[in-house]
Amino acid sequence: MTTAIAPAAGAAGGVGASLRERLQNVVPKLVLAPSFLIVLIFVYGFNLWTLLLSFTSSKAFSNFNFIGLANYQKLWTWTFETDPPSNWYTALVNMGLFGGIYIVFCLVLGLTLAILLDQKIRGEGILRPIYLYPLALSFIVTGTAWKLFLDPRIGLEKAVHDLGWTSFHFDWVVNPRMMIYCVAIAGVWQTSGFVMAMFLAGLRGVDGEILKAAQIDGASAYATYRRIVIPIMRPVFLSALIVLAHMAIKSYDLVLSVTGKNPGGAAELPSTFMYSYTFTRNQMAVGSTSAVIMLMTIAAIMIPYLYSELREKNQ
Amino acid sequence: MSAADLILGVPSREPTRHSPATRFIIYGLLILFALVYLVPLFAMVMTSLKPLDEVTGGDMFALPQHPTFEPWIKAWGEARIGVSETRGINGYFWNSIKMVVPAVLISTGLGALNGYVLTKWRFAGHKLVFGMMLFACFIPFQSVIIPMATILGNLGWIGNRLIDLTGSSFGFGNPTVNLVIVHTVYGLGFTTLFFRNYYEAFPTELVKAAMIDGAGFFQIFRRIMLPNSTPIFIVTVIYQFTNIWNDFLFGSTFAAGDSSPMTVALNNLVNTSTGVVEYNVNMAAAIIAAAPTLFVYVVAGRYFVRGLMAGAVKG
């Protein structure tokens, strides 16, 4: 084809230019196409595949025997099965406990640290990196550290006993009923620095003139924050909340490492439920169903947020 | 001014003036929090430098009385990982390196090209394409893991056939290759986001002028975009490196036994239920697993924070 066109292009410059132009228009799309195709297949195609599996009777291997909504019905029944509690019930309760503690404490601690750091203190360059370094660690390392730190035999409890307070009791990390709180503690330790950074950026973005005006009007520092700064930062709260909520739902490694592979499913979360039903209990269809529920929850949080973010940028 | 600049830069506005008592409370709280963030790391380091009887018999926070590097040597070369015949975590450390380097380079390179197309060579629907790639950053991996396992299983089958036919699998079914594929695919959303936001702020006039001078797609990328992209390359490489090195879910699903990455080996080492728990060896292994990302954080903290803030979408 090129041989057919080349002489023509040589004869008339106009045709050559338009071919070049057309090529210029195609190249960018050709460059982007592989990546987009990969995302289409590996993200959207695979999500659809998982959705299909959730309508089947797949056990250890996937099959395409469609059984309608039976798996969703099963999870719906398990949601209310409390005697003995089903693993799904435990997963949902733990998700609420872990997610609630994780989000609230990260927000409170993050905001507190950001406000304290924003008082033009000396040594910010030393303190700030200390609050942020846990983010560089893997959840497995964080979990390993906290498991040791909270271990009653050698960790915190023992250290307090050695100090003389022998009635001090803290065995949550080995107590199945309390394990999930330890996961939350480790999670807050790891992520609160990130929230601090988001709030600090928000605080520093507040117009200095407004604060000056408040100061001239005689507003106390507390009132300035309560009435002016924090309301201005509402979008930062929303961003932080969404980022934290989506991280809470995706938490997986931390549970396994803090609890030591989640003994007896005591610290079950939807993420570990999905994994164990799919890969060890040979109930792939039930696993897929829980994965779809996780995906839908995250989509319900992220899609409106991303949509508004992209639209804002356009303006 | 980006969010990261606001955090890392010197605040421009006048600070609120505080009384000495308030200053004292502010510094007190900030230092107290800094200690809370540092204590688990401190306990880890102390434990890793003590002989085992000193760990089980003594105080976790005490300095070692007989400091020893024995636990480190044991963790690196001798410790038993799960049921594996190979001793020590050194092999897994190299597994992680072999996985991280190609995955980071490929995903970053593709992200740069994608960001360039999505900002400087826009086409109808570019926003939808970007939105779809962006959402890929946030999906719970549970919702793609079953199809991925099926596909990688098929690649393994092809690899075995190729071995029968030619004596070499050409990388098909190789666990490290599998993990490179997986991390590249699910890293694309983030790398594209980073470069897209960076190139968005890059003056389009320069690109237009080059186009009028007759420069083509790749020429502009190489001569104009790349020389101005060093900061975003550093940010993206650090972000990808940290994420992929710290991954556990994919590593534990798609690479078993001796081909596991570091995080999986660490989890297996720590949670082996047989024999005496060697806390000191576990902690040494955890520090080794954390060392590469911590090193990057210490050396290039500013870029790390930039990536973090960009990953929170706002920016």
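Colleague: If a residue counts as buried when its relative accessible area is under 20%, what percentage of the 315 residues in chain B is buried?
Modeller: This is a predicted model, and totals for chains use all residues. The secondary structure of chain B comes to 15 helices and zero strands, and its C-alpha trace spans about 80 × 75 × 35 Å along the principal axes. Among contacts in chain B with a separation of 6 or more, 70% are between residues 24 or more positions apart. Within this chain of 315 residues, the buried share is 53%.

Colleague: How many of the ten residues of helix α6 (residues 126-135) of chain B are buried?
Modeller: The helix is mostly covered, and its buried residues are B:H126, B:V129, B:F130, B:G131, B:M133, B:L134 and B:F135. Out of the ten residues of α6(B), the number that are buried is seven.

Colleague: How are α6(B) and α8(B) oriented to each other?
Modeller: Two packed helices are described by the angle between their axes and the distance between the axes. For α6(B) and helix α8 (residues 175-200) of chain B, the axes lie 8 Å apart and the angle is about 130°. Angles over 145 degrees would count as roughly antiparallel and those from 65 to 115 as roughly perpendicular, with this range between them left to the remaining class. The two helices are therefore oblique.

Colleague: How are α6(A) and α14(B) oriented to each other?
Modeller: This pair brings together helix α6 (residues 139-150) of chain A and helix α14 (residues 279-299) of chain B, whose axes come within 9 Å and cross at roughly 150°. α6(A) passes α14(B) in a left-handed crossing. Because angles over 145 degrees are placed in one class, the two helices are roughly antiparallel.

Colleague: How many charged residues does the contact of α6(A) with α14(B) have?
Modeller: From α6(A), the residues A:V141, A:T144 and A:L148 meet B:Y279, B:M283, B:A286, B:A289 and B:A290 in α14(B). By class, this contact has seven nonpolar residues and one polar residue, while the number of charged residues is none, or no charged residues.

Colleague: Is A:N262 buried or exposed?
Modeller: A:N262 is found in the loop between α12 (253-259) and α13 (270-279) of chain A, where its phi is positive, about 50°, although it is not a glycine. Leaving aside neighbours within four places in sequence, A:N262 is in contact with A:L256, A:A267, A:E268 and A:T272. Its relative accessibility is 9%, and A:N262 therefore counts as buried.

Colleague: Which residue has its backbone nitrogen 2.8 Å from a polar atom of the side chain of A:N262?
Modeller: A polar contact requires a pair of N or O atoms within 3.5 Å, and a separation of 2.8 Å from the side chain of A:N262 lies within that limit. The backbone nitrogen in question is that of A:A267.

Colleague: Is B:F170 buried or exposed?
Modeller: The residue B:F170 lies in the loop between α7 and α8 of chain B, and its phi is near 55°, a positive value in a residue other than glycine. Its relative accessibility is 58%, which means that B:F170 counts as exposed.

Colleague: How far apart in space are B:A149 and B:T191, C-alpha to C-alpha?
Modeller: B:A149 sits in helix α7 (residues 142-166) of chain B, and because its relative accessibility is 29%, B:A149 counts as partly exposed. In sequence, B:A149 and B:T191 are 42 residues apart, while in space their C-alpha atoms are separated by 24 Å.

Colleague: Which residue caps the N-terminal end of helix α9 (residues 208-216) of chain A?
Modeller: At that end of the helix, the backbone nitrogen of A:E209 lies 3.1 Å from a side-chain oxygen of the capping residue. Just after α9(A), A:G218 takes a positive phi of about 85°. The residue that caps the N-terminal end is A:D207.

Colleague: What is the omega of the cis peptide bond that joins A:D83 and A:P84?
Modeller: A:P84 is found in the loop between α3 (70-79) and α4 (87-117) of chain A. For the cis peptide bond that joins A:D83 to A:P84, omega is about -10°.

Key. Residues are numbered from 1 along each chain as its sequence is written. Chains are lettered from A and ligands numbered from 1 in the order in which they are written. Side-chain values use heavy atoms; hydrogens and water are left out. Helices (H or I, at least four residues) and strands (E, at least two) are DSSP runs, numbered from the N terminus. Buried means under 20% relative accessible area, exposed over 50%, partly exposed in between (1.4 Å probe, protein chains only). A polar contact is a pair of N or O atoms within 3.5 Å; within protein, one must be able to donate a hydrogen and the other to accept it, and residues adjacent in sequence count only if both atoms are side-chain atoms. Contact means heavy atoms within 4.5 Å. Axes are lines fitted to C-alpha atoms, for helices over the stretch in contact, and angles run from 0 to 180 degrees between N-to-C directions. Angles under 35 degrees count as roughly parallel, over 145 as roughly antiparallel, 65 to 115 as roughly perpendicular and the rest as oblique. A crossing is left-handed if the near helix is turned anticlockwise from the far one by less than a right angle, and right-handed if clockwise. Ala, Val, Leu, Ile, Met, Phe, Trp, Tyr, Cys and Pro count as nonpolar, Asp, Glu, Lys and Arg as charged, and the others, Gly among them, as polar.
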